[in-house]
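Colleague: I'm new to reading protein models. Could you walk me through one, feature by feature?

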Amino acid sequence: MAPQTAVPLAPYAAPQPGPHAVPHPGPYAVPHPGPYADRPYAGPSQGPPGSLWSRLAVPAGLLAAVAGAFAYVGSVDPNHPGHYPVCPLYAFTGLYCPGCGGLRSAHAFIHGDFLAALQDNVFGVAAYLGFAVLWVVWVVRAVRGRPMRLQLGTRQMWAVGAVLIVFSVVRNLPFGGWLHP
């Protein structure tokens, strides 16, 4: 076996700044304003404004996915067993979760039976309408070139969670039978 010889390494050469390099101002200096300094700050998720079609691509894709899901639920009736899985909480405990009846509610909503949709899952109907409103706001803001900001604080999240828990408890009590799916 031949002895290994050490290969001398070239000395480290720091990269030379190019013609457009900005010298590093130090840790406490104000950062360079960048190419979009003349535009108002749009938040960390908003890059440079693109064309109208590029701004509408994500809302349109989400609408297509939701419309496809609603079309499937509208064509395959969840009232007939065997098409959809049973809610695991209901299967193991016999208790209704906040989502129980959501598919039946969506099926009734698509077919225009709004009273049956409300009876199957009132929060499902509220979610459908809330999604529609948020989607329209999102599209209007995208057309205007503004980002969509939906900021729920911890209080709002706890309030939504508390309402869903109260709904679940009430719909499983004897006097909450009108909330059963």
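This is a predicted model: local features need pLDDT of at least 70, side-chain atom pairs count only at pLDDT 80 or more; totals for chains, interfaces and linings use all residues.

Colleague: Which residues of α4 are buried, and what covers them?

Modeller: In α4 the buried ones are G102, S105, A106, H107 and A108. Their cover includes α2, α5 and α6, where contact means heavy atoms within 4.5 Å. After α4 comes G112, with a positive phi near 85°.

Colleague: How do I read the way α2 and α4 cross?

Modeller: Axes are lines fitted to C-alpha atoms, for helices over the stretch in contact, and angles run from 0 to 180 degrees between N-to-C directions. Angles under 35 degrees count as roughly parallel, over 145 as roughly antiparallel, 65 to 115 as roughly perpendicular and the rest as oblique. The axes of α2 (residues 57-75) and α4 (residues 102-110) come within 8 Å and cross at roughly 90°, so these two helices are roughly perpendicular to each other.

Colleague: Which residues meet there?

Modeller: F70, V73 and G74 from α2 meet L103, A106, H107 and I110 from α4. That contact divides into five nonpolar, two polar and no charged residues. For this sorting, Ala, Val, Leu, Ile, Met, Phe, Trp, Tyr, Cys and Pro count as nonpolar, Asp, Glu, Lys and Arg as charged, and the others, Gly among them, as polar.

Colleague: What about aromatic pairs?

Modeller: Rings of Phe, Tyr and Trp (its six-membered ring) pair if their centres lie within 6.5 Å; planes under 30 degrees apart count as stacked, over 60 as edge-to-face and the rest as tilted. The count comes to six aromatic pairs. Take Y72 and Y84: their ring centres are 6.0 Å apart and their planes sit at 85°, so the pair is edge-to-face. Y72 belongs to helix α2 and Y84 to the loop between α2 and α3 (88-93), 12 residues apart.

Modeller: F123 and F167 are edge-to-face too, because their centres are 4.6 Å apart and their planes are at 85°. This pair links helix α6 with helix α7 (residues 154-172), 44 residues apart. F167 is buried at 8% relative accessible area, while F123 is partly exposed at 29%.

Colleague: Where is N121, and why does it count as buried?

Modeller: N121 is in the loop between α5 (114-120) and α6 (122-143), and it counts as buried because its relative accessibility is 3%. A polar contact is a pair of N or O atoms within 3.5 Å; within protein, one must be able to donate a hydrogen and the other to accept it, and residues adjacent in sequence count only if both atoms are side-chain atoms. The N121 side chain reaches the backbone oxygen of C100 at 3.2 Å, and one of its polar atoms lies 3.0 Å from the backbone nitrogen of F123.

Methods:
Residues are numbered from 1 along each chain as its sequence is written. Side-chain values use heavy atoms; hydrogens and water are left out. Helices (H or I, at least four residues) and strands (E, at least two) are DSSP runs, numbered from the N terminus. Buried means under 20% relative accessible area, exposed over 50%, partly exposed in between (1.4 Å probe, protein chains only).
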